[in-house]
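Welcome! Please take a moment to look over the structure below, and then we will walk through some of its local features together.

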Amino acid sequence: MAPVRNTRVLFNEYAEGYPIPGKTLVVDKSETIDLEGAPLKNGQVLVKTIAISVDPYQRGRMSEPGKTTSGDAYELGKPLVNYVVVKVIRSENPDFAPGQHVYGMGDFSEYQILTDLSTWKVLPETRGTPWSAYVGVLGMPGQTAFYGWKEAAHAKKGETIYISTAAGAVGSMVVQIAKADGLKVIASAGTESKLQFLRELGADVVFNYKTTNVEDVLKEHGPIDIYWDNAGGKSLDAALANLNTFGRVVKIGSISSYNSKPEPIYNTETILWKRIIIRGVLVFDHHEQYLDEFYATFPPKVAKGEIKYVEHVVRSLDETPQLVLDQQKGNNTGKAVIVLADE
Ligand SMILES: NC(=O)c1ccc[n+]([C@@H]2O[C@H](COP(=O)([O-])OP(=O)(O)OC[C@H]3O[C@@H](n4cnc5c(N)ncnc54)[C@H](OP(=O)(O)O)[C@@H]3O)[C@@H](O)[C@H]2O)c1
């Protein structure tokens with residue numbers, strides 16, 4: 001069989017402000033790969049990409065070294081890297097067989113040869129759930145919601161929670177977990193269609209943070225016991241002012257400042273007087289503790305439709321640079337994912 005083209009998305013230039021399609025990220029079609037004849041060393045696996053996750057934290061890795069906020073800077077001229085589901089085509093590794101679907105950190109490319117598979121996981125049969133779900137509701141974002149809830153929310157039935165960026169991959173899971181645990185949910189997002197999704201998930205109060213003052217909503221429908229912070233900035237400041245005594249802030253992200261300077265936080269005195277606990281949770285710290293429980297809990301609920309999710313899908317690597325920008329700007333509705341094949 002003749003070599004085939006191996007389209008890739010390369011990190012081309014450090015970003016200042018929003019990543020610019022065609023500058024920060026470029027699509028490269030110069031590489032080919034021989035799927036049958038490419039030599040594999042002992043332990044290596046040749047895989048085809050099925051689904052690639054696009055996540056907000058990736059913007060932090062597009063800054064110059066020394067200015068990054070979420071891990072090491074991406075390497076210039078190399079493919080972008082993130083969570084992927086791939087299918088094994090050929091294997092020289094006894095733990096990975098052709099036909100298996102595998103989840104891990106891989107390149108934004110159609111095909112790749114994996115060498116270090118120590119952190120890769122063979123996925124179970126999907127019971128009708130698309131493989132793309134394994135980078136979203138059943139992947140890192142779903143795990144973030146599950147782990148953060150167990151680790152830092154300390155929620156009690158009847159309490160009130162405010163969730164920012166609530167219609168996204170992480171937020172929409174937290175809304176559902178909180179409702180299942182009997183909390184009153186106040187949820188914000190940036191478009192009417194996202195607010196509609198939040199209503200369908202059972203959120204009690206929904207509002208558009210772009211057109212409605214966060215503090216006014218929390219004054220009217222609070223006070224709150226928990227603030228799940230995906231956004232930082234004004235939402236965090238308003239939440240601090242409206243937390244009950246012994247309130248908790250689950251600090252998950254700061255999307256409001258990934259592409260610009262952070263907004264100032266004024267309401268810090270309340271942290272002391274109300275004995276508020278602010279706890280940062282990073283998903284990769286907690287796999288050992290919770291991953292088995294997550295895989296035992298979430299996939300069956302997703303398969304039965306008990307956990308709902310929405311995906312924002314593009315079907316080619318050509319559309320990736322725009323998707324990365326769209327997510328940073330809020331033009332995605334649901335989990336941003338590149339699906340290159342269904343099987
Ligand atoms: N701690 C961890 O381990 C961990 C793991 C995964 C994700 N995270 C964080 O969790 C947050 C949500 O991630 P996700 O994957 O669920 O992303 P997502 O919600 O699917 O996509 C990002 C969303 O951020 C919102 N946004 C953009 N600018 C904003 C602003 N200025 N203020 C408020 N919201 C803004 C947009 O929605 P709107 O239309 O609603 O504005 C956009 O759709 C991010 O901060 C991410 O970095 C943390």
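In which loop is His154 found? His154 sits in the loop between α1 (140-153) and β10. Its phi is near 45°, a positive value in a residue other than glycine.

Before going further, a word on the ground rules. This is a predicted model, in which local features need pLDDT of at least 70 and side-chain atom pairs count only at pLDDT 80 or more, while totals for chains, interfaces and linings use all residues. Residues are numbered from 1 along each chain as its sequence is written, and side-chain values use heavy atoms, with hydrogens and water left out. Helices (H or I, at least four residues) and strands (E, at least two) are DSSP runs, numbered from the N terminus.

**Two pairs of helices**

Two packed helices are described by the angle between their axes and the distance between the axes. Here, axes are lines fitted to C-alpha atoms, for helices over the stretch in contact, and angles run from 0 to 180 degrees between N-to-C directions.

| Helix pair | Angle | Axis distance |
|---|---|---|
| α4 (residues 214-221) and α5 (residues 233-241) | about 30° | 9 Å |
| α1 and α2 (residues 171-180) | roughly 40° | within 8 Å |

The angle in the α4 and α5 pair makes α4 roughly parallel to α5. By contact we mean heavy atoms within 4.5 Å. Val214, Glu215 and Leu218 in α4 meet Ser235, Ala238, Ala239 and Ala241 in α5. By class, this contact of α4 with α5 has 5 nonpolar, 1 polar and 1 charged residues. For these classes, Ala, Val, Leu, Ile, Met, Phe, Trp, Tyr, Cys and Pro count as nonpolar, Asp, Glu, Lys and Arg as charged, and the others, Gly among them, as polar.

α1 and α2, by their angle, are therefore oblique to each other. Angles under 35 degrees count as roughly parallel, over 145 as roughly antiparallel, 65 to 115 as roughly perpendicular and the rest as oblique. On the α1 side, the contact is made by Gly142, Ala145, Phe146 and Trp149, and on the α2 side by Met173, Val174, Ile177 and Ala178. The contact of α1 with α2 has 7 nonpolar, 1 polar and no charged residues.

**The two sides of α4**

Which residues of α4 are buried? They are Val214, Val217 and Leu218, where buried means under 20% relative accessible area, exposed over 50% and partly exposed in between (1.4 Å probe, protein chains only). These residues cover an arc of only 95° around the axis, which puts them on the same side of α4; the arc is that of the directions from the helix axis to the C-beta atoms. Lys219 and Glu220, on the other side of α4, are exposed. What covers the buried residues includes β10 (160-163), β11 (184-189), β12 (205-208), β13 (224-229) and α5.

**Loops and single residues**

Most residues other than glycine have a negative phi, and most peptide bonds are trans. Pro223 lies in the loop between α4 and β13, and the peptide bond from Gly222 to Pro223 is cis, with omega near 0°. Arg275 has a positive phi, near 50°. Its place is the loop between α6 (269-273) and β15 (277-280), and Arg275 is partly exposed, at 46% relative accessible area.

Is Thr7 buried or exposed? Thr7 is buried, with a relative accessible area of 4%, and is found in the loop between β1 (4-5) and β2 (8-11). By contrast, Trp273 in helix α6 is exposed, with a value of 61%.
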